[in-house]
Amino acid sequence: MKDFMLEVCVDSVKSAVAAQNGGALRLELCSNLIIGGTTPTPALFHAVREAVDIKIHVLIRPRFGDFCYTDAEFQIIREEVRQFQSLGADGVVIGILRPDGSLNIEQMESLIEEAKGMQITVHRAFDVCRDPMQTLEECISLGAHTILTSGQEANCLEGAELLRKLKTVANGRIHILGGAGVSAANLEELCLVTGLNQFHMSGKKVLDSSMEYRREGVPMGLPGISEFSIWQTDEEEIRKAAEVLERV
């Protein structure tokens, strides 16, 4: 494939370096990838920017959960867009819905104004919107550059039909970036069944903590998730995915 995009979602410097070394063309930088990602700190952005030289798009998401925000949360989102614009991020990854499942056009317009000069990706809020074809047209009208989506299903293979339809209807007016369940093992099939040439993945592996002393049974976060498991991007998994995209 001559023209493709492989974006890797990372939440640490080690993962960012592994992604670049494996052949990622762009990073989506976040924190807390284990809960779907939240806004990273400026310190993490600076450290990753020093460590890699590929483009960095920053996820702006103030909390875990839905994409319908209070006025206070919206002000935080807007300030974070402004902040990362001033820090030199290449893009921001945003999305806000109304309670009825439609895109919050007014708030999105405000964020895009703050993001002046940056690339705009509408994140997987798209996957829980009420009407994907209407929202597609609204994203285009807003001037967004990319929609990150699984095709409104749990993963891209299950959402393949909608992904193909979105790409056809978009007709080059906006990029459709397939994300969720993407791996080197299924990328060739995903290219064939969706027609996409842009994909988003984490390529993560689970590493054992370096802690020797371990007090079990004291969870710090979500139940059932070990405090002694570290999620990190696997350079070899990214390399294999890049090789698939280069040859299909």
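A polar contact of 2.7 Å joins the side chains of Glu 73 and Arg 63. Such a contact is a pair of N or O atoms within 3.5 Å; within protein, one must be able to donate a hydrogen and the other to accept it, and residues adjacent in sequence count only if both atoms are side-chain atoms. The model is predicted: local features need pLDDT of at least 70, side-chain atom pairs count only at pLDDT 80 or more, and totals for chains, interfaces and linings use all residues. Residues are numbered from 1 along each chain as its sequence is written, and side-chain values use heavy atoms, with hydrogens and water left out.

Glu 73 belongs to helix α3. Helices (H or I, at least four residues) and strands (E, at least two) are DSSP runs, numbered from the N terminus. Glu 73 counts as buried because its relative accessible area is 17%. The classes are buried, under 20% relative accessible area; exposed, over 50%; and partly exposed, in between (1.4 Å probe, protein chains only). Apart from neighbours within four places in sequence, Glu 73 is in contact with Arg 63 and Cys 68. Contact here means heavy atoms within 4.5 Å.

Helix α3 (residues 71-87) also holds Phe 84, and helix α2 holds Phe 45. The structure has one aromatic pair. Phe 45 and Phe 84 form this pair, which is edge-to-face, with 5.8 Å centre to centre and 75 degrees between the planes. The pair links distant parts of the chain, 39 residues apart. Rings of Phe, Tyr and Trp (its six-membered ring) pair if their centres lie within 6.5 Å; planes under 30 degrees apart count as stacked, over 60 as edge-to-face and the rest as tilted. Both Phe 45 and Phe 84 are buried.

The loop between β2 (26-29) and α2 (42-51) contains Ser 31. Ser 31 has a relative accessible area of 14% and is therefore buried. Leaving aside neighbours within four places in sequence, its contacts are Asp 11, Gly 37, Thr 38, Thr 39, Pro 40, Thr 41 and Leu 44. Ser 31 and Gly 117 are 86 residues apart in sequence; their C-alpha atoms are 23 Å apart in space. Asn 32 is in the loop between β2 and α2 as well. Its relative accessible area is 42%, so Asn 32 is partly exposed. Phi of Asn 32 is near 55 degrees, a positive value in a residue other than glycine.

A positive phi, near 110 degrees, is also found at Ala 180, a residue other than glycine. Ala 180 sits in the loop between β7 (175-179) and α7 (187-194). With a relative accessible area of 16%, Ala 180 is buried.

Ala 180 also lines the largest pocket. The space in this pocket is about 650 Å³. Its lining has 24 residues; the closest to the centre are Leu 33, Gly 36, Arg 124, Ala 180 and His 200. By class, the lining divides into 10 nonpolar, eight polar and six charged residues. The second largest pocket has a volume of about 340 Å³. Of its 15 lining residues, Ile 34, Ile 225, Ser 226, Ser 229 and Trp 231 are the closest to the centre. This lining has eight nonpolar, five polar and two charged residues. Ala, Val, Leu, Ile, Met, Phe, Trp, Tyr, Cys and Pro count as nonpolar, Asp, Glu, Lys and Arg as charged, and the others, Gly among them, as polar. On a 1 Å grid over the protein atoms alone, a cavity is a set of points where a 1.4 Å probe fits but cannot get out, and a pocket is an open set with protein on both sides within 12 Å along at least five of seven lines; lining residues have an atom within 4 Å of a point. Grid points are joined across faces, edges and corners, and a volume is the space filled by probe spheres set on the points.

Asp 208 lies in strand β9 (residues 204-208). Asp 208 is exposed because its relative accessible area is 59%. Its side chain makes a polar contact of 3.1 Å with the side chain of Arg 214. Beyond neighbours within four places in sequence, Asp 208 is in contact with Arg 214 and Phe 228.
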